[in-house]
Amino acid sequence: MNKAYPTEELLRISGVNPNKCMKCGKCSATCPAYDEMEYHPHQFVSMVNSGDIEPLMNSESIFKCLSCFACVDRCPRGVEPAKLIEAVRIAVVRKQGNNHLLADDVPNMLDDEIPQQAIVSAFRKYSK
Amino acid sequence: MQKISRDKLIKKASNLLNSGIVRCVLGWKRGEFDYDITPNVFTTEKELIDDFVWNDFCGANLSKYLVSKTQGVDGKILVFLKPCDTYSFNQLLTEHRFDRERAYVIAVPCEGMADINKIKQITNEGISSIEFNEDTLSISTLYNEEPIKIAYDRVLSERCLNCKSKKHVVYDELLGDDGEILESNRFDEVEKIEKMSSEERFEFWQGELSRCIRCNACRDVCPACTCEKCVFDNPESGVENKASANSFEEKLFHIIRAYHVAGRCTDCGECSRVCPQNIPLHLLNRKFIKDINEFYGEFQAGEKIGMRSPLIDYTTDDIEPNEAVNRRDS
Amino acid sequence: MVKFSCEKIDLVFAEIAKTAALYIPSNDKNNKAVFTKWQKGTKLCDSHNTQIGPKDLFFPQTEDLMAFKASNKKIEIIDTRKESEDFVIFGVRACDVKSLEILDRVFLSEPRDSYYAMRREHGIIISLACTRPSEACFCTTFGIAPSEPGADISVWKINNEFFWQANTKRGEELLLKIEHFTTPAEPSEVEGEKQRISVLMKRLPLANLSTNGFGKGKTNELFEREEWAKLSEACLGCGTCTFVCPTCQCYDIKDFNTGNGVIRYRCWDSCMYSDFTKMAHGNNRNTRKERFRQRFMHKLVYFPENNNGLFGCVGCGRCISKCPVSMNIVKVMKKLGGNV
Amino acid sequence: MQVNEFKPLIVAFCCNWCSYAGADLAGNNRLSYPADVKIIRVPCSCRVNPMFVLRAFQRGADGVIICGCHPGDCHYTSGNYYTRRRMTLLFSMLDYLGIEKERTRVEWVSAAEGAKFASTMNDFVSKITQLGKNKRLEDLRCKK
Amino acid sequence: MQRIGVFVCWCGSNIASTVDVERVSEALKNEQGVVFSTNYQYMCSQAGQDLIKSAVKEHRLTGIVVCSCSPRMHEATFRKAARSAGINPYMVEIANIREQCSWVHKDIITGTEKAIILGKAAIAKVNLNAPLIPGESPVTKRALVIGGGIAGIQTALDIAEAGFLVDIVEKKPTIGGKMAQLDKTFPTLDCSACILTPKMVDVAQHEKIRIFSYSEVSSVKGFVGNFDVTIKKKARFVNENICTGCGACVEKCPQKKIPNEFNLGMDNRSAIYIPFAQAVPKVATIDPNACNMLKNGKCGLCARVCTAGAIDYTQKDEYIEEKYGAIVVATGFNPISMEKFDEYAYSQSRDVITSLEFERLTNAAGPTGGKLLRPSDNKHPHTIVFVQCVGSRCSVDSEKGKEYCSKICCMYTAKHAMLVRDKYPDTEVYVFYIDVRTPGKAFDEFYRRAVEEYGVHYIKGMVGKVVPEGEKLKVQASDLIENKQLHIDADLVVLAAAIEPDKSARGLATMLTASMDTNDFFTEAHPKLRPVESPTAGVFLSGTCQGPKDIPETVSQAGAAASKVIALLNKDKLLGNPCVAHSNEEICNGCSQCERVCPYGAISYINKEFKMPDRSIKTRRIAVVNPAICQGCGACTVTCPSGAMDLKGFTSKQIMAEVDAICR
C-alpha cells in the first residue's frame, strides 16, 4: 500500500460533503467505540477533507467502527461520518483485493453473547 | 369498444332528469354518419333515447361547455366526463370559471377514442357505416363489397395511445370501475424533436406551422382558453390578427397560444384532434408540460381543484433560463 | 377532345410548367391532398379531393393592398400590386369549379375587385371528374354534376387514360401546347364514365338532401325559427368551416404598422368570429346563435336572393369533415328544410 | 483582418431598481459596451411579457436580454422569481422551435454591478455578432 | 394626439462631447407628435427648466421628452417642472443619453445614432402616456401592536408617547412575554422583572394605550392607513373591568393541579389563576379545560368568594372590530420542542431542562423560590452540564432543528454558568460549545469573566448523549481540543434550545399578506435599509418575529418600528404611486392567477353584473386592484392570459411602442 485513495473518490463513494461539518464534535461525543479508535469520527471528516487519508487507511480504527450510525443520526449538519469511515474501509478492502473477512465466515464466528447490532453490522461491513 | 353501454348512460341521465335533480344533460348527439358526433344539451328522456350516443367517437371534451351553459339559468347540469375531461373540469374550477354546485358529474370510464383520420387512411373516403365490435371496428364503404375489419388499437387516436390517466379526478357519481393514473410515453415525440438539431427543429416546425389556416379551432375548443376576449381577437393587445401574414405570425400565434395555457393545460389533446390541417399542436403543449415536470417537479394541471400552477409559483433555487436551455446539449 | 396514357402525365405537367406555374393535388406527409406547386417528382393524387379548395390561389388568405410611408410628416402611398404570373391549376373538382363561379359573382361584379380579377385572368383551370366521392359529398343537391366538371379544360381519368376536353379558348391554346403527347379522342369515349359517376352519386348517403325550403324569399320564414338556438349550441365559434369553404369570400381590411410605414392588407374573415363586421356602434350580431345563423342564411337564402337563386354552397363536404363539433350545413338543412 | 459589417440590434429590458441602475453605474464608470445595445426600462423584470420578447424579434432585433435584480434581491420581493420561470419556459420553447438559443438571455445584474453589466453586454453582443442576423424569427414586412 | 416637446441636454460636455446634440434635436423634430425640439447646455438648471416651462406655454405641449442623464437622477426634477408648467408630471419621459449613451460609447457617430434612437423610443412612449393622478387615502390615526412582549410594549409606548392611539393584542392573559419569565439579563445582570414590570405598568396606565389581553387577531382586511381588524377576545369568565386581582378566588379554587405555564410546568396553578404577581392586567382567568364549574357545573366556589362579583361563567368570546392605520407585528419566539433530540434524555429525566426552565428555577418568584434545586428530588446539583446549540445550526437535511444560529444562547448560558458559580461555588459547571459567539457591547468581556473569574469549564465539543442512571445523568461528550471523549456524571443538564417564531405568526402572515422566510420569520422590506418594515405597506416588524435577537436589539428595533409608524400616522393622507396595475373589467376572466402572483395582496375579486350586447345580464367574477396597496411591479400583467391586467405608466402598448421605435 503505497498510495492513498484520492479524497474525491472517497467522497464519491460515501456521498459525504465534509465541508458541511461545523466541527462540533457531536459524532465523537456519541461514538460508543471512541476509546477503541485511534482516529475518531470527527477526525475522519476533518482528515479526509484535508487529504490526510493514508493514516486513516493504515489505522485499525476503520475496523473498530461498529457502523452503529449513531454519529449519522446525531450529526446536526447531516454530515454522516460513518459513511465516510465506511468509504475508507472499502478503499482499503479494494486495495487488498478482498475482504478482511468474508460474509460467509461470519456465521461461524457468532456466539450467543454477541449483540444483534454487531451481527447486522458485520454483514453490512463484509458483504460489500 | 366502450365497456359501458349507451343504455346505462341514458338510464342514469333519465333518472336524474325525471327526478328533477338535474335540469339538463350535457352529452353527445348522433350525427349524419356513425362518427360525426356533436356535443349537445338534452332536456328530455325522449331526446336522450332518440339521439344520445356513447361510442368510440365521443372524443369531444364537454367540460368547457359548462362555462357558458351554467350562465344565467338555474339548476344543475348533468355532464358526462371521461377521465381526461375531469382534469379540465377541475382546472376550470380552479380558475373560477363556473360554480361546482351547478354541475352534476357522471364519470364514464373510457377505453380510448378512435381517430376517424386514421380510419380514413386505411379505408379511404366513402365510409357508409361503422359497426363496433369487441376488439375491431367493422367499416362498410361505398367502394368495397365487404366491410373492412380494423383492429381497434390501430385506429386509436394518438392522445389515447398515450393516455395519461384512466382515473377520474372528480365526479358525483361513477359508472363502472375507475381506472388508474397511467405511466404513459406521451413525451417520446417531444424528446424525438428535442434530439434533432436546431436546424432540423426549425424545418420541422416551419413545415408544420406553415399549414396553419388560423381558424382558431385549437383555441376555441381548448378548455383552458376561456378568456372573455382572447389577445388574438383584441386589437389593443398588439398581437391581434385574423390570419397569419407570414411565418413569424404563425410562430407567434402558436407560441403564445401554448404559453398562455402552460401550467394550465391538462393535455386533453383536443387541440390536435380538431386541427383541420393535422398540425400536432399537442407537441407544443407537451413541451411545456415536460419542461415544467423536469424543472419544477411533476405537475398535472387539474389533478386537484385550487392547485397553484408552476407559472404562478416559484422556489428560490429554480433553474436559470439559460442553464435550462443549455442543459439539454450537455 | 384528346387523350393520352397515364404514364405521360408527368411529361404533360412538365410541358405546362415550362410556361406557367402549375398546381396539382398532391399528398402531403399526412396523406392529405393539397394543391402543390408542381416540380419534378411531385406526385398527382387523384383519389380524393384536396383538403382546401383552390380559392386561395385567387383570393389569398392574406394579401397586401397598398402601403403608406410617412416621412417628414408627409404621407406617400405605394401600390404594392405586382403583375401576377400565369398559372395553371390541375385537378379541380366540379364543386370547386362551381365555387369559383360563386366567387366571381362577388368579386367581378361592380365594383370589380381588381386584385381577384388579375389572378383570375392569369389562371387557367383544368378540372377533373370525380372518381371516388366521399360520404360527405352532396354537390348534386346544388345541381352540380361531378361527371361534367367544366372550367377551361375538363378532364376524366378512365382506367389508364386521361381524356382532356377544352371548354374555352384558353383551354384550347393549352391543349395545343401539349399536342405532341396526345391523340384525338371522341366524346363518346367518356360517356360510360359519366354514367358510372352519376349512378355512384345517387348511392351517396347525402344524395337525397334537398334545397326545398331554402333559396330566394325564404328570409322571413327561416330567420326566427327557434331551431337556430339548438343548432348553434355546440358551435365553438371557430373559423374552420369558413376557412375550408371554397365559397366563403368575406375578408377584413387591416393596417399593419411596420415601424417604417403602414401596410394595408386584407385577410379572410369569418362570420363566426365575434368581431366580424364590427362597426363604430359595435357589433350587429352579438350572440353565437346570430353569427351561426348568418353563415347558413347567407349560403342558403341571402346569396340566392341576390344571385338569381344560385346557392352559396357547392356541397364539397369539407366543412362536414372538418368541424370540431361536427355541426354543419347538412344538419342545418335537414332540421330546417322542407323535406329530406 | 476580416471586416464584419454586421451590426446586431440588441434589446435589453432592465428592471428599474437593480439592472437599470447597474447600467447607469457602468456609465458612471465609463465602462464601454457596444452601442448596439438599447435599454428599455421596466419597473421589474417580471413586467416583461414573452410577447415583448417576440415583438422585438419581429421588429428586427437580433438578440433580447432581460436583466433583473439577483434572485432574492427583487425590489418587489418575488418578481424576478416569476421572470425566471417564465423565461425558462419561453426560451426552452424557442429552442424547441429551432430558434437559436443564444439569441435570448436572462442575466441578474445588481445596482452595484456596473462592470458586470458592461461585460455581459460585450459578451452578448459578440455572441450575437458571431451568430449573425436573426432569420428564423423575422417578419419581412418590418425590414426597411 | 399629443403635442410633444423634445429637450436635448448637453450636460456641459458630458453628453455633447460624444453625442451631436444639435443633430439629435434636429432628427427628433420629425417624429410623430413632436411639435418642438431643442437643445440646451444644462437642462436641469433653473434656466433649462424655465426653457421647458416657456416651451410648454408657447407650443401648448401635452408631453415632454428630455434627452439627458438617467431618469434615476432627474426624472423627479423634470416632473416637477412639468407640474409647475401646468401639465401632468407623468407626461414626462426621459431618454437616458448620458449614462447609457455618451458615457459608454466613444465614437460620436454611433453615440449620436443611438441617442436619436433612444429619443425616438421615449417619444413613442410619450405618445401613449396618459396623465396619472396618484390616489389618495386617509390615514386612521391608530396603531395595532400584535404581541405584548417587550417588543410590543416598547413599540406601543413609543407610539403612544408621540400622541397616537395604540392597541396591544396579547394572546396570553397578561402582557410581558418571555422577558417576564427571565431571571437576570446579560451582560449587566439586571433583574429582568425590575426593568420590565415598570414598563408594563406604564402601558397599563397610558391613556393612549388599550390592552386586549387573552385576545387574538382573527381577521385583517384593508391596506396601509386603512386596516379593518377583527380582534377575538377569548372568554376568560371573569369580568376584567370589575376584577381587582385580589387573588381570593385563586386561593380558594379546589382544582389546583394544573401545570403552570408561566413556570413551564415545573409547578402547578389553580383552574382560576393570575399568571404572576405583576401581571398586567392583573385579573384572574378561568381555564375552561380545568374548571369544574365550566366542565360539569359543579363548584362555583370562586364566584362565591369574589367580593367584586367579577366571575361570569356565561362569558362568551367577543369580537371587536377596529380600524387601524398601521400594524406592528411583535409575535416573538418560543424555544423549539426537544422531542427530536432524544439523545439528551429530555423526556426521560426531569433533571434535563431547557435554559428557559433554568431561568424559572433560579428566579426568586419561580417554583423553587430561587433556590437552584433539581426538579426530580429538590436536591442541590453539584455538577451541571450546559449544552449549547441544541437545535440551532442544524442542516436542513438533518431534519431536526433550525439552520440558523439562535443568537442569544451563548450569552444567556454564560450568564447561567456564572450565576451558578457565584451562588454555589461548590458546583462544577461545564459548558459544551461549538463556537462562543459574543459580538455585542461588553459581551465577550462577560463571557471571559465566566471562564476566568468564575471558573466555568468551557469545553469545545458537543455532548453526544445523556443517559439517566440512578440519581446521575451520565453525560458522554467529546473534548475536541484534547481529542478525548469525556464521561461526566452530572446532576443537572441544561439545554440551550433553539428559538423559533411563535406558531401564531404563520396564520397572521397570511392575514396580513406579509411574507415570511422558510423559517417563518417575517421578511423585511429590505434586509439592510428597511429592516423594520415588512414588504406589505403599513405592516411593521418588531422583535424576534423578524429574527433572533436579544433584549437591547429588540428594544431598539421596537423603537425603530414605532418611529416608522409615527411617520405614517402623522400623515393625514397617503399619496399612492400612480403607476399601479389596473384590470380591464370588460375582458377579465376572474381566473385568480394575478391574485396569486401579487406579492402585496393588492388584488381582490368581486362579482359584477355586465349588460351584454344582446341586453342580457351576465354576472362575472372580476379582479379589482387596490391602488393603495399595489406597488407597481407588473407581475400580474404577464400572468394575465387575456391581457386584462395592465400597468399604468408602463402599459404593454407603451413598452411595445418603445420596442418598435428601437427596432425601427
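**Stop 1: chain C**

Select chain C: its radius of gyration (taken over C-alpha atoms) is 22 Å, which agrees with the value near 20 Å that a compact globule of 340 residues would have. That globule rule is 2.2 Å times the number of residues to the power 0.38.

Before you click on, note that this is a predicted model, where local features need pLDDT of at least 70, side-chain atom pairs count only at pLDDT 80 or more, and totals for chains, interfaces and linings use all residues. Residues are numbered from 1 along each chain as its sequence is written, while chains are lettered from A and ligands numbered from 1 in the order in which they are written.

Switch to cartoon view and you can look for 12 helices and 12 strands. Here helices (H or I, at least four residues) and strands (E, at least two) are DSSP runs, numbered from the N terminus.

How much of chain C counts as buried? The figure is 44% of its 340 residues. Buried means 20 or more other C-beta atoms within 10 Å of a residue's own, exposed means 12 or fewer, and partly exposed is in between, with C-beta atoms placed from the backbone.

Now colour by pLDDT, the predictor's confidence in each residue, from 0 to 100. Chain C has a mean of 92. Confidence there is highest in helix 3 (residues 94-107), at 96, and lowest in strand 5 (residues 74-79), at a mean of 89.

**Stop 2: where D meets E**

Two residues are in contact if their C-beta atoms, placed from the backbone, lie within 7 Å. Show both chains: 34 residues of chain D meet 37 residues of chain E. On the chain D side, pick out helix 1, which gives the largest share, 6 residues.

**Stop 3: E against A**

Next, show chains E and A, where 20 residues from chain E and 18 residues from chain A take part in the contact. On chain E, highlight strand 24 (463-469) and strand 25 (472-479), the elements that give two or more residues to this side.
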